[in-house]
Amino acid sequence: MRQKLEGKAYVEQYVHSLTHELKSPLSAIQGAAELLAEDLPLADRTRFSANSLQQVNRLRVLVAKLLALASVEHLQQAPDAQPLDWVALTQDTLKQTALTMEMAGIGLSWQGPEKAWVKADRFLLGQAMVNLLENAYAFSPDGSAIDVSLDNDGRYWVWRVRDHGTGVPDYAQDRLFERFYSLPGPRRSGKSSGLGLCLVQEVMSLHGGRVTVRNVLDGEHVMGCEACLYLPLERA
């Protein structure tokens with residue numbers, strides 16, 4: 001009974017949060033549609049149309065992230081965990097994001113060993129990595145760089161993504177992994193889904209690992225933010 005009640009409360013909280021997140025883009029789309037029905041100058045019609053498309057894309061991303069999160073939340077373990085080389089997966093993932101970084105004038109550096117064996121679902125781990133890279137990109141100022149590295153502490157491989165932005169505000173430190181919670185970034189035209197870090201946390205939990213996010217400090221000055229994925233070492 002306790003499990004059923006907890007499950008009911010979870011669903012109610014989930015639906016309440018989702019409804020809240022859907023209201024804003026739906027209201028924006030409705031408002032734009034009502035204005036477009038009037039006889040407006042071409043410039044205004046173009047602006048309202050672009051805003052509607054932006055809000056539709058926001059809804060699409062939200063639904064996609066919700067489906068991805070729901071697909072992992074009910075799992076007890078990674079569905080297709082196999083020994084894989086985290087270095088090779090990192091290199092493949094960085095190739096996918098390099099062009100976006102380059103077009104934005106953001107540098108991308110990589111440092112790691114020749115091999116790093118872990119037991120993981122390649123797709124899910126890749127999704128977690130992409131989410132952290134997207135976050136680093138969203139908070140990277142023009143002309144800065146994103147540093148990616150991989151090392152181990154004897155028990156875990158530690159995959160690090162570090163940006164050189166303004167870091168996480170004190171008021172947001174305890175809410176980073178909260179569903180639908182997001183922060184504005186210099187490369188975000190609007191609010192994000194607020195589901196990326198929730199997905200990363202679920203993926204790492206399925207693999208017996210964890211994720212951490214912290215500010216990088218130089219004395220009292222914030223020099224950026226570093227997100228880390230921890231996975232147990234695996235023999236090749």
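Predicted model: local features only at pLDDT ≥ 70, side-chain atom pairs only at ≥ 80, totals over all residues.
Which residues does Asp-163 touch, not counting residues up to four places away in sequence?

View 1. Asp-163 touches Ala-136, Phe-139, Ser-140, Ala-145, Met-223, Gly-224 and Cys-225, with residues up to four places away in sequence not counted. Asp-163 itself lies in the loop between strand S5 (156–162) and helix H5 (196–206).

**View 2. The charged side chain of Asp-163.** Asp-163 is buried but forms no salt bridge. Arg-162 has the nearest side chain of opposite charge, at 6.0 Å. The Asp-163 side chain does reach the backbone nitrogen of Gly-165, at a distance of 3.0 Å.

**View 3. The largest nonpolar core.** This core has 39 residues, and Trp-86, Leu-125, Trp-159 and Leu-229 are those with the most contacts inside it. At least two core residues come from each of helix H3 (86–103), strand S3 (117–120), helix H4 (122–138), strand S4 (145–152), S5, H5 and strand S7 (221–232). H4 supplies the largest share, 7 residues. In soluble globular proteins, nonpolar side chains tend to be buried together.

**View 4. Surroundings of Trp-86.** With neighbours within four places in sequence left aside, Trp-86 is in contact with Ala-116, Val-118, Leu-125, Met-129, Leu-150, Trp-157, Trp-159, Leu-229 and Leu-231.

View 5. Cys-225 is in none, and the nearest cysteine sulfur, that of Cys-228, is 9.2 Å away. Cys-225 counts as buried because its relative accessibility is 11%, under the 20% cut-off. Cys-198 also counts as buried, at 6% relative accessibility.

Technical notes:
Residues numbered from 1 in each chain as written. Heavy atoms only, no water. Buried < 20%, exposed > 50% of the residue type's maximum accessible area, 1.4 Å probe, protein only. Disulfide = S-S within 2.5 Å. Helix = DSSP H or I, 4+ residues; strand = E, 2+ residues; numbered from the N terminus. Lys, Arg positive; Asp, Glu negative; His and termini not counted. Salt bridge = Lys/Arg side-chain N within 4 Å of Asp/Glu carboxyl O. Polar contact = N/O pair within 3.5 Å; in protein donor to acceptor, adjacent residues only side chain to side chain. Contact = heavy atoms within 4.5 Å. Core = buried A, V, L, I, M, F, W, Y, C linked by side-chain atoms within 4.5 Å.
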